[in-house]
Structure formats: structure tokens, C-alpha cells
Amino acid sequence: MPLAVTLGSASVLVAASVLAMVLAFAEKVPCRAGAWNTDVQKYQDFCYTDIYPLYYSEGLYDKQVPYSGHPVEYPVLIGGAMQAVAWLVRNVDVAIRGREFYDVTVVLLALCAVAAVLATASAAGPDRRWQALLVALSPALILNAFVNWDLIAMALTALGIAAWAARRGVWAGVLLGLAVATKFYPLVVLAALLLLCLRAGRLREFTKTFAAAAVAWLAVNVPVMIVALPGWATFYIYSKNRGADWGSVWYMFQHFNLPRLGSYQLSVLNDTSAAALVVAVAAIALLALAAPRRPRLPQLCFLLLAAFLMTNKVWSPQYVIWLVPLAVLARPRLWPYLLWQLAEIGYFLAIWAYLIFQARLSPGLPFAGYQGLSPGWYFTALAARFLTVGLLAAYVVKDILYSERDVVRAHGLDDPAGGVLDQAPDRFRIRLSWPVSAG
């Protein structure tokens, strides 16, 4: 049996995923042993997670129901997952209930990781299933797996793309609609499908998928809106009113007081970040409709998501989870991927070290041990992550413009994840002149 077939088998992929989740759990062991109850040690041990503290701060420990009993800063499926796990551990000894809430959540997230890896393998096509190993064994994904609930969104998004690849458009829509009800980023998949279906004359298929996504999103959101509209709206109000936060390029601009770009005025920040995103999306849309050969679905999804993250007001370390499957499908080449992974690892370490430094500046909070990372080094790590994502995006753009450089298409394939788009002729294309490849 060829090695690629063996590496892409379900048993190998599941084993790799389980190993990765065991490593992710081990990375959080210092916090699980008590460090998450301290102000600084959870950062010194680089094991921070939102899951444990939010059990208390969101009122789950006090049996408050998300949205109706307590406003939650997440879309409804994450609130639902929080409530479901809180219900499962409701009879556990109160002294360890928070820890058990974390443990059960980890099991849920680990199952999502396995599902996402298998879905990525399916979307890669029968001859390239091994690519999903790059998702399963992603060092940055392992480090960030249990920081928040992002693996749920990753699983639903990957399953949605796999369903589209299998030409099950309605199921793809349902899964993507549920993914958007978990995190908003899966909207980039629907945007990519719209552009590609427009170019291929497949708008009827897109309409079915979009309608299914809308129905699925409404099905899980409307009941919460009816019962607890203010609590449901918290996520949207919080997102609008949030300032530049850790990880974003705007946060760096503010630190260095750049004119206009570093403005602390919320309206200016919102307008500037939105304008940057609109320009980036417009450029990607032009590329999708004018490239000599229609981009593959994962390529366009990756570019749109990278544009969103690079222009967003916040770029949390766990957002790498969103990018990993799309990056693997968009450009399954090793060295740019590894360079980006190194930058993500660097940022993961830098953000917690920077928070230690910030804690050191707080009066009346002396502590022993590692004293953290100065702003200069933190912003170096931030810039490195930004630049490596930009570099990977540039390579994807080059692969689109010169499709003979695309490793997937170089092997005679068109768009394995494209579903009805795979091998479909163009019906609409903007005609532009592109530079000829130098070879």
C-alpha cells in the first residue's frame, strides 16, 4: 500500500488527532492542577484557558442559563455547549465542579478535532487525504486547542466544506449555518462559494446552500432571540463596541501612536478596520472573478479569512484554529506552513509573557518567577505572525495566478473540495491582463 494512502487512512488520522488532543490536554495540566486560580502563574505556566474561569464569570456555576439568566459574549451554539456541559456536571462536588466542567468540555472539543481532521481529509480528495495530518499535528493548534471553544466552529466548518465537496449542498448549508451560529468566521466560506458559483454559473446550487444555512442559523438563533433578546444581542453589541485588542495590528498601531491608524476613538477604529477589510475583500473578489483559472474553494476561503484576521480589531491566539484546515487545503506545501506555525507558536508564548509583564506593572501585585516579556518583543512576535500569514496568502495568490505552480493542480486535479465547481467551465469572467510567469 503506498505511504500516502496509509497516512491518509481513517485509522492513522484518528490516531494522530487523539495524540494531538492528549498533548493539548497535557499542556494545560499545570492550570488544571491549580495555576488557573492564580493571577500570574497561569501565564507563567503558559496554560491559560477561558473555559475554567468562564464557568464562574458566566454564572454557570450558579445554574444561570446563558442569555436568559446571564448575558454571554458568544454566539448561541457556544452558549448551548456551555449550558449542556454545565448540566452534565451539575451534581459534581462543588469543590471540583469547575475542573470537571473543563474536563468534559475538553472531551467535546477533542471529538470536534477528530471530526474536523476527517472532514479535511475528505475535502482534500481520495489521493490527498494525508494532508489532514498537517491539521491533526499542527503545533499551534495543539497549543491553542483548549483555550476556548473554537474547535466546535472548526469542526462544523470543515464538515460543511466536506459536504459541499461531496455535492451535498443542503447539508453543507446546514453545517455552515450552524458554524456561523458558533463563530462568525465561517461566513467566509459562503462568500467564497458565492464568488466561485457566480463565475461558474452555479448560482442555483449556491442559493440552495445559502438558504439551508440561513434556515439552520435561524433555527438555533430565533428561539433565543424570542426568550432573551438582550442576552442574545450581547455578542453583537460587544463586538461593535470592542476596542483594539491583543493580537491585532491596530493594537500595535495604538501602542506606537501612529496617526489615524493608531486612533483610540472607537468610531475611527471601526471605520478604519472596516475600510481595510472592504478593500481586501474587493481585491480578493476581483482575483476570484478575473484570474486566468478559477481559484480552488479552499484558496479563496483562506484568503478571505486571512484578510478578516489581518484587519480585525482582535486576533486572539486561538484563532489559528480557524486558519489551519483552510491553509492545509489551500497550499499543502511544507516550508511556508512551518514558518507560519513557528510564528504562531512564538505569538502563543509572547502573549502570555506580555500579560505577565503587564501584571508586573500593577501596583501591589509583586510575584516571584518569570517576569514576562517587554512590549518590544511582544510586538515583534505580533508582527511576525502578521507577516507570515501575509506571506502564506501571497503564495496562495501566486498559485491562483499561475495555476501550474499549484501543487494540487499540478497533479492533474482541479478543485477536489469544489463539489459542483470541480471541472466546471466558466460562465462569467472579468477579462484582465496578468503578467506571464517567469517559469
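**Core, rings and cysteines**

Biologist: Which residues does Phe302 touch, not counting residues up to four places away in sequence?

Modeller: Contact here means heavy atoms within 4.5 Å. With residues up to four places away in sequence left out, Phe302 touches Leu323, Leu326, Ala327, Ala330, Leu392, Ala393 and Val396.

Biologist: What pLDDT do local features need?

Modeller: Residues are numbered from 1 along each chain as its sequence is written, and side-chain values use heavy atoms, without hydrogens and water. This is a predicted model, in which totals for chains, interfaces and linings use all residues, side-chain atom pairs count only at pLDDT 80 or more, and local features need pLDDT of at least 70.

Biologist: How many residues are in the largest nonpolar core?

Modeller: A nonpolar core is a set of buried Ala, Val, Leu, Ile, Met, Phe, Trp, Tyr and Cys residues joined through side-chain atoms within 4.5 Å. Buried means under 20% relative accessible area, exposed over 50%, and partly exposed in between (1.4 Å probe, protein chains only). Phe302 is among the residues with the most contacts inside the largest core, as are Met21, Phe101, Phe146, Trp149, Leu151 and Trp340, and the core's residues number 125.

Biologist: Which helix gives the largest share of this core?

Modeller: Helices (H or I, at least four residues) and strands (E, at least two) are DSSP runs, numbered from the N terminus. The largest share is 13 residues, from residues 97-124, which form helix α7.

Biologist: How many of the 15 residues of α17 are buried?

Modeller: Helix α17 covers residues 297-311. The helix is largely enclosed by the rest of the structure, because the number of its residues that are buried is 14.

Biologist: Is the pair of Phe235 and Tyr236 stacked or edge-to-face?

Modeller: Rings of Phe, Tyr and Trp (its six-membered ring) pair if their centres lie within 6.5 Å; planes under 30 degrees apart count as stacked, over 60 as edge-to-face and the rest as tilted. The structure holds 30 such pairs. In this one the centres are 4.9 Å apart and the planes at 75°, so the pair is edge-to-face.

Biologist: Which cysteine does the disulfide join to Cys31?

Modeller: A disulfide is a pair of cysteine sulfur atoms within 2.5 Å, and the count by this rule is 1. The S to S distance is 2.0 Å, and the partner of Cys31 is Cys47.

Biologist: How many residues apart in sequence are the parts that this pair ties together?

Modeller: Both Cys31 and Cys47 are buried. Cys31 lies in helix α3 (residues 29-32) and Cys47 in the loop between α4 (41-44) and α5 (51-57), so the separation in sequence is 16 residues.

Conventions. Expected span 1.5 Å × (residues − 1).
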